[in-house]
Amino acid sequence: MITNIDLSQLVECIGDAIIVVDAHEKIVLWNPAATRIFGYSEEEALGNTLDLIVPERQRHRHNEGCRKSMETGITRYGSSLLKVPALHKSGSMLSIAFTVGMLFDENHKVNGIVALIRDETERYAQEKTLKQRISDLESR
């Protein structure tokens, strides 16, 4: 049984992106998987907002939801798996799946939001191709 877990090692080695924003919606944690998925180095991401990876057409809705969660300490998504488009540093679009969680200080005041993110781009493309093939076969 492992009794002492090095959390920084966990954040570094996990294959999914771990991103944390503080109460001001600034990125304060960006692990190596986030760099691999989104193309931004930790240095480029830290201190910025999630506008780096949220496509323009989704930004208003995303920012409103984030602000409301910060104010209330509640996210409507909880442990739901969300599937949305995202933006790579190169400008290409990604398909991601993620969960979010609220982070609180010792006085139960919101001090951040954590997102665990997986790149689903390849799987999404395969699924889209398969659906198109099924549709083509059904229309024959």
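Start by selecting arginine 59 and glutamate 56: their side chains meet in a salt bridge, with N and O 2.7 Å apart. A salt bridge here is a side-chain nitrogen of Lys or Arg within 4 Å of a carboxyl oxygen of Asp or Glu. Side chains of opposite charge can pair when their charged atoms come close.

Before moving on, note that this is a predicted model, where local features need pLDDT of at least 70 and side-chain atom pairs count only at pLDDT 80 or more, while totals for chains, interfaces and linings use all residues. Residues are numbered from 1 along each chain as its sequence is written, and side-chain values use heavy atoms, with hydrogens and water left out.

**Along helix 4**

Arginine 59 and glutamate 56 both sit in helix 4, three residues apart, about one turn of the helix. Helices (H or I, at least four residues) and strands (E, at least two) are DSSP runs, numbered from the N terminus. Glutamate 56 is exposed, at 60% relative accessible area. Buried means under 20% relative accessible area, exposed means over 50%, and partly exposed lies in between (1.4 Å probe, protein chains only).

Next, select arginine 67 and glutamate 64. They form a salt bridge too, with the closest N and O atoms 3.1 Å apart. Arginine 67 is partly exposed at 37%, and glutamate 64 is partly exposed at 41%.

**A buried glutamate**

Which loop holds glutamate 25? Look between strand 1 (17-22) and strand 2 (27-30). Glutamate 25 counts as buried because its relative accessibility is 16%. It has no salt bridge; the nearest side chain of opposite charge is arginine 67, 4.1 Å away. For charge, Lys and Arg count as positive and Asp and Glu as negative, while His and the chain ends are not counted.

Now show the contacts of glutamate 25, leaving aside neighbours within four places in sequence: Asn48, Thr49, Leu50, Asn63, Cys66, Arg67 and Met70. Contact means heavy atoms within 4.5 Å.

Check the backbone as well. Most residues other than glycine have a negative phi. Glutamate 25 has a positive one, near 65°.

**Another positive phi**

Jump to histidine 108, in the loop between strand 4 and strand 5. Its phi is also positive, near 60°. Is histidine 108 buried or exposed? At 59% relative accessibility, histidine 108 counts as exposed.

**Into the core**

Select Ile19, Ile27, Trp30, Phe38, Ile53 and Ile117. Of the 27 residues in the largest nonpolar core, these touch the most other members. Such a core is a set of buried Ala, Val, Leu, Ile, Met, Phe, Trp, Tyr and Cys residues joined through side-chain atoms within 4.5 Å. Which element gives the most to this core? Strand 4 does, with five residues.

Zoom in on tryptophan 30. Not counting residues up to four places away in sequence, the residues it touches include Ile18, Ile19, Phe38, Tyr40, Leu46 and Ile53.

**Last stop: helix 5**

Select Glu120, Arg123, Glu127 and Lys131, which are linked in a network of salt bridges. Arginine 123 pairs with glutamate 127, the closest N and O atoms being 2.6 Å apart. These two are four residues apart in helix 5 (residues 121-139), about one helical turn. Arginine 123 is partly exposed at 31%, and glutamate 127 is partly exposed at 33%. How many salt bridges does the whole structure hold? A search finds seven.
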